[in-house]
Structures are given as C-alpha cells and as structure tokens.
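Dear colleague,

I am handing over the structure we spoke of, with its sequence, and would ask you to look it over before reading my notes below.

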Amino acid sequence: MFKNFRTNVKRFFDAKLPFEILEQFKGVDSEYVENSKTFNNIDLNFIKLDWGARIDSIISLIISSISFIFFLLADFFVEDDEGRPVIIGLMVLSLIFVIYFSYQLYLNPKAHIILNRQDGIFSFPHGTNRNKSYTVPFHKAIVYWVGTGAASGSLGMKLVAQHPEAKYGGAHLIAHERDYQKIWSFYVWYMDRNRPLPPGTAFDPYRQQDFERRKAAGFPMPLYRSHIPTPEATPEQQAERNKYWKDHIEEFAREPHSIMYDPEVHTDWRRVRYMNKDDNPDSNRYYKYVFKNGDIVYMKTNEEGRGFMPPKSADYEETRLELVESWF
C-alpha cells in the first residue's frame with residue numbers, strides 16, 4: 001500500500017511532459033501571424049517566435065513589489081512578536097518573486113525560440129542571460145509545466161524548456177495558444193517531420209511540398225506519438241499515405257495511470273535477462289506488466305537484453321510489445 005502511495009505521489013509531482021501530441025489545438029491562421037508580434041517566421045522548415053518580457057510578467061512584478069512594500073511596512077507596525085516571523089517570511093517570499101520577474105523583464109526582447117523541423121533542432125533563450133541561448137536536439141530538451149502567480153492571483157500554468165545538462169536557465173515557451181498542453185502539442189506536431197504540417201491557413205502554402213517530400217521518402221513512421229488524429233490536407237493525400245501507414249500508432253495509448261519502471265520505486269523487482277524466441281538477448285524491447293490490483297508498469301530492456309521483472313510472488317500478466325521508442 002505504501003509503495004502504491006509513493007508511486008502516486010511521485011507521478012503527481014512529475015511535471016515533465018512526454019514528447020507526444022496531447023490534445024487538439026486551434027490552427028495557426030495567416031491573419032493571426034500577420035497581426036501577431038509572436039510569430040517572426042513560419043513555414044515548412046522553421047518557426048521563429050519572438051520571445052521577451054510579457055505583459056503578465058510586468059503585472060506580476062508590480063503585484064510582487066506592492067506585496068513586498070506592504071509586508072516591509074507591516075513589519076514596523078506589528079507589535080506582536082509572534083506574528084513577526086510570518087510577516088518576515090511573506091516579505092522574503094515577495095522579494096523572491098520581485099527578483100524572479102525582474103529577471104523576466106531583463107531578458108533580451110529580441111531573443112527567439114526557433115523550431116527547426118527540417119533538422120529536428122530546438123533553440124530557446126537561456127533565461128537568466130540575455131546574451132545566451134540553448135540549441136539542442138528537440139527530443140533531448142527537458143520540457144515541463146510550472147505554476148506562477150498570475151495577475152488574478154490564481155495559479156498560472158506555463159510551459160518551460162530547459163537544457164538537459166543545465167542546472168538552471170530556461171525559457172517559457174509561447175505560441176498562439178495559452179494552455180501549456182496545447183502549446184506543447186503544437187510544438188511536437190510541428191517538429192514531427194513525418195507527420196503533415198499542423199492545422200491552420202498559415203501552413204497551407206507549404207502543404208503540397210511537404211506532402212511530396214514525405215511521399216518521396218516512403219511516408220516514414222511518425223517520430224512522436226499522438227493522442228489525436230493528424231490527417232493529411234485532402235482525402236486524396238490521406239488515401240495515398242494510407243498505402244504506407246495508417247494512424248494505428250494512435251491506437252496504442254499508454255494508460256494514463258501507467259508508469260515506467262523506476263528502480264527507486266520498484267525496489268523488489270529482480271534483475272533478469274530477457275531472451276527472444278531465437279534464444280538471443282531481447283534488446284531494447286518494451287514489456288508491459290499488468291498487476292491484479294490494477295497497476296500497470298512498462299519496462300524496457302537494454303542493449304544486452306537485461307532488465308527487471310516483478311518478484312515471483314507478485315500476481316501479474318506479462319506482455320511483450322512491438323513498439324518503438326518514440327511511442328512512449
């Protein structure tokens with residue numbers, strides 16, 4: 001019971017987002033791009049997003065500054081010594097927010113987020129250094145949601161990217177949507193060069209060229225899994241693509257409550273070597289374990305076919321999966 005509770009707590013606080021198209025988002029229209037200060041460039045190979053101080057950061061800085069001044073003044077008038085630690089704590093917290101949002105406004109307003117669909121490269125500002133940016137393969141970036149104090153006082157959820165080897169310094173990710181999951185879905189869809197371009201009239205001039213490129217390559221399988229259909233622009237194009245592959249990749253949806261094997265959680269699992277039907281090491285293979293209590297755990301073997309298996313005393317069903325890395 002305690003192990004399941006620990007697993008659920010770990011899952012709740014895991015803010016990292018998978019490289020998957022999570023949900024539907026509105027299309028990027030040409031009129032929006034023309035009148036927007038967000039999109040600097042958008043075509044079949046690159047998207048360039050202007051990134052700088054946002055109005056919500058300005059408002060949040062004002063609110064944080066007023067809060068800091070209020071608690072600072074309150075500290076001089078409070079005679080109750082027992083209440084002073086609380087006021088000092090709130091004052092320090094307000095100061096932290098003042099410093100954080102000041103950094104946001106200090107950032108270079110000409111910094112950019114660049115999605116290189118052609119080469120699978122992702123560039124974004126450093127976050128604490130206006131003269132520096134990160135450039136990494138898209139699938140290696142650390143992307144997660146973070147809650148920040150919005151102007152209304154509610155918890156504003158934002159999308160953040162960080163370099164996989166950096167301990168600090170990242171950037172809020174922006175797009176034509178505000179919801180962080182929709183922003184991320186837009187990024188992943190666009191960066192999956194094996195799928196059609198995302199919806200929206202801004203991409204219409206490039207759809208035929210992109211379709212011909214993928215057709216010439218034999219319509220390779222998608223790089224990232226999707227929870228929604230990603231159809232071609234026309235029924236004729238869809239029929240042509242279906243000769244090579246269908247959206248069966250969407251038929252496999254990992255259960256929302258399922259988790260991957262974690263040595264810190266599954267401490268009682270035993271180390272084994274998986275062998276295939278030819279009696280060779282079953283390398284880089286996913287296995288699915290469904291337990292009697294409803295828990296579902298996925299485990300992947302390494303290059304030598306080594307992995308982990310539940311204890312013999314556990315009641316479970318094992319399934320060997322014919323999946324590729326990107327489906328997770």
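Predicted model: local features only at pLDDT ≥ 70, side-chain atom pairs only at ≥ 80, totals over all residues.

Residues are numbered from 1 along each chain as its sequence is written, and side-chain values use heavy atoms, with hydrogens and water left out.

The protein chain holds seven helices and 16 strands, where helices (H or I, at least four residues) and strands (E, at least two) are DSSP runs numbered from the N terminus. Of its 328 residues, 42% are buried, and here buried means under 20% relative accessible area, exposed over 50%, and partly exposed in between (1.4 Å probe, protein chains only). The accessible surface of the protein chain is about 18400 Å², with 56% of it belonging to carbon and sulfur atoms; such areas come from the Shrake-Rupley method with a 1.4 Å probe, and for residues only the protein chains shown count as cover.

Turning to the sheet, five strands form an open, antiparallel arrangement in the order β2-β3-β4-β5-β6, two strands being paired if DSSP finds at least two bridges between them. Its edge strands, each pairing on one side only, are β2 (39-42) and β6 (133-137). Strand β3 (residues 46-51) is joined to strand β4 (residues 111-116) by six bridges, and D50 stands opposite H112 in β4. Helix α5 (residues 180-191) packs on the sheet, where it touches β2, β3, β4 and β5 (121-125), and its direction makes about 45 degrees with that of β4; contact means heavy atoms within 4.5 Å, and axes are lines fitted to C-alpha atoms, for helices over the stretch in contact, with angles running from 0 to 180 degrees between N-to-C directions. Strand β5 is mostly covered, with four of its five residues buried. A hairpin is formed by β4 and β5 with four residues between them, and G120 in the turn has a positive phi of about 70 degrees. On to β6, β5 pairs in the antiparallel sense over five bridges, with F124 standing opposite Y134.

As to charged pairs, a salt bridge is taken as a side-chain nitrogen of Lys or Arg within 4 Å of a carboxyl oxygen of Asp or Glu, and by this rule the count comes to 13. One of them joins E232 to R214, with the closest N and O atoms 2.8 Å apart; E232 lies in the loop between β10 (225-226) and α7 (235-242) and R214 in helix α6 (residues 207-216), so the pair ties together parts that are 18 residues apart in sequence. Both E232 and R214 are buried. Another salt bridge is that of D282 with R320 (2.8 Å, N to O), which links the loop between β12 (270-273) and β13 (286-291) to strand β16 (residues 316-321), 38 residues apart. D282 counts as buried at 2% relative accessibility, whereas R320 is partly exposed at 35%.

Finally, V86, I88, L90, V92, L93, I96 and F97 make a nonpolar surface patch of about 570 Å²; patches are made of residues with over 30% relative accessible area and no salt bridge, like charges being joined within 9 Å and nonpolar side chains (Val, Leu, Ile, Met, Phe, Trp, Tyr) within 5 Å. Of these, F97 lies in helix α4 (residues 84-106) and counts as partly exposed at 35% relative accessibility.

With best regards
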